[in-house]
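Please look over the sequence and the structure shown here before reading on. The paragraphs that follow go through them part by part.

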Amino acid sequence: MASIFRFKQFEVDQSDCAMKINTDGVLLASLLEVEPVDRVLDVGTGTGVIALMLAQRLVNSRVEAVEIDPLAAAMADRNFRNSIFQERLVLHASSFQQMDVQGHYDLIVSNPPFYTDSLHNPDERKKLARHTDLDFFAELLDFAALRLSDRGKLVLIVPTALAETLTKISAERGLYCSSEVQISSFEGGSAIRKIVTFERLRVELLAQRTFVIYAAKGIYSEAYRNALAPYFLAF
């Protein structure tokens, strides 16, 4: 049975995707700060939702996406071809390490697998989608260091502790954390995720802001509603 998620300007069929549309992905696409750019890459696109949101947001950008899971890649490709942004969307059905790609990207984004050092999920496709270790992130940072344009940015959404680790190992590759968004479920609660931005230019002062998802249990905050209003039909 098809599982269709309808947005204001596009639809996402996620019936063949192990990892469905989630809060992390839509927050990454809506909260990252970026100027108009020429070329974007979404690593581990899954359903393709982040790439589609960025295609809506960046009206003149070519948005590419890479997905290693064959079924998810096929589903994302269909979602792309069925969208009004199809001429600006490209799907690479492979790992980012094996992409046959030339040139540079102005923006690389990822809502990556982050269950580092955890037990493997018994469902093989979910394990592939969600389990990794620091080698994955080291390779992603290596890829970004090679493929980002001079003023390009790598933007990730990850758990807070992992963000701190990545900030340390990224500097070894000449990429420095320039901003972060600390995301918490409720006002006054600890951050559960960070959206971290890396670029080649070392900044003197890290740009930081906070974002709260819920005003109360089951009630989204005004900030959340405002961030997703351009995309969601209703809450």
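Two aromatic rings, from Phe, Tyr or the six-membered ring of Trp, are taken as a pair if their centres lie within 6.5 Å. With that in mind, and remembering that this is a predicted model, we can begin with the aromatic residues, among which Phe5, Phe7, Phe10, Phe85 and Phe232 form one cluster.

The structure holds 11 aromatic pairs. In one of them, the ring centres of Phe5 and Phe7 are 4.8 Å apart and the planes stand at 35°, so this pair counts as tilted. Phe5 is partly exposed, with a relative accessible area of 29%, whereas Phe7 is buried, at 4%. The rings of Phe10 and Phe85 have their centres 6.3 Å apart and their planes at 65°, so the pair is edge-to-face. This second pair links distant parts of the chain, since Phe10 lies in the loop between strand S1 (4-6) and strand S2 (11-13), while Phe85, 75 residues apart from it, lies in the loop between helix H3 (70-81) and S5. Both Phe10 and Phe85 are buried.

From the rings we turn to the sheet. Strands of a sheet pair through backbone hydrogen bonds, either parallel or antiparallel.

Which strand is largely enclosed by the rest of the structure? It is strand S9 (residues 193-199), because seven of its seven residues are buried. In a regular strand the side chains alternate between the two faces of the sheet. Both faces of S9 are covered, with Arg193, Ile195, Thr197 and Glu199 buried on one side and Lys194, Val196 and Phe198 buried on the other.

The neighbours of S9 can be followed through the bridges. Six bridges join S7 to S9 in an antiparallel run, and Ile157 has Ile195 as its bridge partner in S9. S8 and S9 also pair in the antiparallel sense, over seven bridges, with Lys194 in S9 as the bridge partner of Gln182. The hairpin of S8 and S9 has six residues between the strands, and in this hairpin Gly188 takes a positive phi near 85°. Strand S8 (residues 176-186) is joined to strand S10 (residues 207-216) by seven bridges, and these two strands run parallel; Glu180 has Gln208 as its bridge partner in S10.

Ser184 lies in S8, and it counts as buried because its relative accessibility is 7%. Leaving aside residues up to four places away in sequence, Ser184 touches Gly189, Ser190, Ala191, Ile192, Phe211, Val212 and Ile213.

In soluble globular proteins, nonpolar side chains tend to be buried together. The largest nonpolar core has 43 residues, and Phe211 and Leu228 are those with the most contacts inside it. H2 gives the most to this core, with seven residues. A second, separate core has 26 residues, including Tyr105, Ala144, Leu156 and Cys177. Arg39 lies over the face of Tyr105, at 4.2 Å from the ring centre.

Conventions: Residues numbered from 1 in each chain as written. Predicted model: local features only at pLDDT ≥ 70, side-chain atom pairs only at ≥ 80, totals over all residues. Heavy atoms only, no water. Pairing = 2+ DSSP bridges. Helix = DSSP H or I, 4+ residues; strand = E, 2+ residues; numbered from the N terminus. Buried < 20%, exposed > 50% of the residue type's maximum accessible area, 1.4 Å probe, protein only. Contact = heavy atoms within 4.5 Å. Phe/Tyr/Trp six-rings, centres within 6.5 Å; stacked < 30°, edge-to-face > 60°. Lys NZ or Arg CZ within 6 Å of the ring centre and 35° of its normal. Core = buried A, V, L, I, M, F, W, Y, C linked by side-chain atoms within 4.5 Å.
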